[in-house]
Amino acid sequence: MTHFHVNGRRYAVEPAAGQCLRTLLRDLDVFGVKKGCDAGDCGACTVHIDGKPFHSCLVPAFRGEGREITTIEGLATNGELHPMQKAFHDAQAFQCGYCTAGMIMTAVTLTDAQKTDLPHALKGNLCRCTGYRSINDALLGTCNIEPDEAGKALGASLPNPFTDAIVTGKARYTMDLAIEGLLHLKVLRSPHAHARIVAIDRSAALAVPGVVAVYTWEDVPKRLFSSALHEDHLVDPDDVMLLDNVARFAGQRVAAVVAETEAAAEAGCRALHLEYEILPTVFDPVLAVQPGAPLLHDKDLVTASNNIFCTLQGEIGDVARGFKEADVLHEQTYSTTRVQHVHLETHGSIAWKGEDDRWHIRTSSQAPFAARQKLAYIMGIPPRDLHVFTERVGGGFGGKQELVSEDLVLFATMKLGRPVKWEWSREEEFIGATTRHQMTTRVKIGARKDGTLTALDVQVFSNTGAYGGHGGETLAAAMASPIAAYRCANKKGIGHAVYTNMTPGGGFRGYGASQTTFAVECAIDELARLLDIDPFEMRRKNVVRPGDNIESIWKEPNDASFGSYGIGECLDIVERELQKSNGVTRPEGAEWAEGQGVALAMLECGPPTEHRSGAEMRLLPDGTYHLACGSTEMGNGIITAHRQIAASMLGTRVDDIDIINADTDRTPYDTGTFASTGVVVGGKAVHLAAQAMSDDIIDFASRTTGVAIDQCRLDNDGVICGNQRISLRELHAEGAKVDHRFSVSRRAYLSPRTIAFNVQGVRLAVHRVTGEIRVLHSVHAADIGRPINPMQCRGQLDGAVAMGYGWALVENMVHDDQGRMVNPQLRNCRIPTFADTPHTDIFFADTIDLIGPLGAKSQGECGINPVAPAVSNALANATGVRFAHLPFTPDRLFAKLAAAK
Ligand code: FES
Ligand code: FES
């Protein structure tokens, strides 16, 4: 028995053998202690033991004996936030908030001296969302929030409605649920990149104490589906089985074990014996299309050639003629790496049967409605028998636009009649979840002496890995806006999405466009260098303008349109800021070279396929409002933005609008929160619903008071009708007498699609011998229309740019020649820490979008796209060497610079 105090309360518990303090605390329902890795790498589990910070996942539970343990829940005293909680509150130092508890627990222990060196002091706490800027603000005592005033919500930096819950540890994420009779599911993953299961021996697994069931391909419905979630399921190939008898990548789940405890389920997996017939493998998409290459799927899933499941091609103008007209040509192959989303909350879901005889699934998903549809299909039940919903979601970035946990927990709970939970480990995220698609892009581009582009030819090989979800859509995105961003009469492209025995590609912020933006923006820079034209001028000369067709390589009509056009302003801002300089100089020494680079990105807000969203509003008896919208809040700030849109339309305070989201029982339908749709589709639905609510209130008030409707207007919590004022509370009571319910719902569809622009500028120093890079000045300008919440928009861009730097400089998933990832831990496959993340000055173009709600458009994705090419362009400017293959890690730079020398 171990005795300790947690937040002043005494406990005497018997830890399980080998149990860590983190899991023990969570077993005691202390859910403010989070899990991001289980290996001491992320800091999400930080607690104080006798006043000192520890990563509780590294502390054996029995070591708690006699200790005073404090978690985030114990930091506030007498209901007063601790000053550090208040600082995080005022700075809004979070987006999804999953890292916040651990971050605060570390921050409160820092001395003044440590606070002067935050990159070092916070090295043990990772945040994937914020780019650390707002966390820095909190430590500096900066207040980023504005007061919530009636009628002034639009454009105000208002706090997240869950701020208090996040900084006090009361916010409940997917796995923060104690549930009676819960079973735990774990999966066995294939060690082989291509193998057929030929024999299964479950006996040892079933003999493990606590194991309740073992499932393999023999037990599950034989229905093929795609784990990708879209409105139209036909855009993704149906190539996945709940559990398959063939593993097509190392890390694919091949069996599930359900047990009374997580440890028993893991032991059951270890005891399960599968025999495999090893099949030939192919990992390179170029080799995978060659005759004789091993085939991954049946012929009916591939198109023209081996393993190609999707080819997109087209030409406008005459590219051959365009190249003849060119004075200079540039041709180069560029490649980008696969990277993992590393949302700090791993995938997971919990399923149970409710008293209503329906199946309830609490999940960490960006698309609960699409998930419900797919689950119903897989299990052969009507969608109405399923309730899929989210609590707070700890980051997504596209990785949770995927059905990867809900299916097995539902299957198991339907079989066993007990609640079942499955929470992924960090290692599983690396080896079993989707990644950004690795793409290789060959660009040929020509221009006249004056810089006018004459022809552009882009060839893409996208490695979609073992399964094709998102493969076609990301390829379409890769072949679209990065090419359409430039006016050129002659454009041509061909792209192949190819199956290989690698981890499957999936949706990831930037969604295919990031990869070809890298290639095209580097190529534009190379042309500028050949022509001795300033890179900013080269872009100004050739970038699309209002009145141009938004054309990539297809003549077909495109519903993308300039709702606002701020790319010129973005280029001007970045050029001006770089010229002004921030005064940071390169390190001393002749080996340090300095260079500057710029890149732009254009992104259509929303996918070309259908996307829809609904919003419902009700006036409540107390005169406040209830808003329901199906979009998922995962740190993207969508519920904050939705409330501000509604409050703006109703002339009220956001605090008077209570909101629920992403729940198939309680909110209207929403395709899913991905592809930059949260504002332009979900927000549009809220805009329309709030307008309808305003109309309804004013109409009823006019009829109630007998004052002409044009003499009535909303006024915060009441309506002014002529010279009288009736409160919303009174109005609701009047409505109740005549059964008038003040309830409205509206839907929004995506089309036309507006377009967002981003420009990234980088000045850096690179050490010619060691390959070390130091970013000296980072500037980002975005045309996102009217920022609904400037602080939050800045935070989204900070996070996107930081992720761009991670992709360019830090992140590197390494696989061996058998397709196995060799570094599936955060300490070995790093994401940017505080120290790795340069400060970026963020600016907004002064535009108002004519398509998006209240002049706004999306910006969660596009900020990442110009970062890596801007870094490559700066490196080329500094060294004269083109770095065309990500990532730019020192070892790779060293090798290439040495070769160039
Ligand atoms: S969960 Fe403990 S450090 Fe990541
Ligand atoms: S806010 Fe830090 S991980 Fe999401």
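Modeller: Let us begin with one sheet: three strands form an open sheet in the order 9-7-11, with antiparallel pairing. This is a predicted model, in which local features need pLDDT of at least 70 and side-chain atom pairs count only at pLDDT 80 or more, while totals for chains, interfaces and linings use all residues. Residues are numbered from 1 along each chain as its sequence is written, and side-chain values use heavy atoms, with hydrogens and water left out.

Biologist: What makes strand 9 and strand 11 edge strands?

Modeller: Strand 9 (246-247) and strand 11 (273-278) each pair on one side only. Strands here are DSSP runs of E with at least two residues, and helices are runs of H or I with at least four, numbered from the N terminus.

Biologist: Which strands pair with strand 26?

Modeller: Strand 25 (residues 712-715) pairs with strand 26 over four antiparallel bridges, and four bridges also join strand 26 to strand 27 (residues 724-727), again antiparallel. Aspartate 715 stands opposite glycine 718, whereas valine 719 has isoleucine 726 of strand 27 as its partner. Strands 25 and 26 form a hairpin with two residues between them, where asparagine 716 in the turn has a positive phi of about 55°. The hairpin of strands 26 and 27 likewise has two residues between the strands, and glycine 722 takes a positive phi near 60°.

Biologist: Why is the pair of phenylalanine 700 and phenylalanine 742 called edge-to-face?

Modeller: Aromatic rings of Phe, Tyr and Trp (its six-membered ring) pair if their centres lie within 6.5 Å; planes under 30 degrees apart count as stacked, over 60 as edge-to-face and the rest as tilted. The structure holds 16 aromatic pairs. In this one the centres are 5.1 Å apart and the planes stand at 80°, so the pair is edge-to-face. Phenylalanine 700 lies in helix 21 (residues 678-705) and phenylalanine 742 in the loop between helix 22 (728-737) and strand 28 (743-749), so the pair ties together parts that are 42 residues apart in sequence.

Biologist: Are these two phenylalanines buried or exposed?

Modeller: Buried means under 20% relative accessible area, exposed over 50%, and partly exposed in between (1.4 Å probe, protein chains only). Phenylalanine 700 has 5% and is therefore buried; phenylalanine 742, with 1%, is buried as well. Buried residues make up 65% of the 901 residues in the chain.

Biologist: What makes a set of residues a nonpolar core?

Modeller: Such a core is a set of buried Ala, Val, Leu, Ile, Met, Phe, Trp, Tyr and Cys residues joined through side-chain atoms within 4.5 Å. The largest has 179 residues, and Phe88 and Phe888 have the most contacts inside it. Helix 17 (residues 513-531) gives the most to this core, with nine residues. Apart from it lies another core of 50 residues, among them Ala641 and Val680.

Biologist: How do you know that the chain is as compact as a globular protein of that length?

Modeller: The chain has 25 helices and 31 strands. Its radius of gyration is 27 Å, close to the 29 Å that the globule rule gives for 901 residues, so the description holds. The radius is taken over C-alpha atoms, and the rule is 2.2 Å times the number of residues to the power 0.38.

Methods:
Chains are lettered from A and ligands numbered from 1 in the order in which they are written. Two strands pair if DSSP finds at least two bridges between them.
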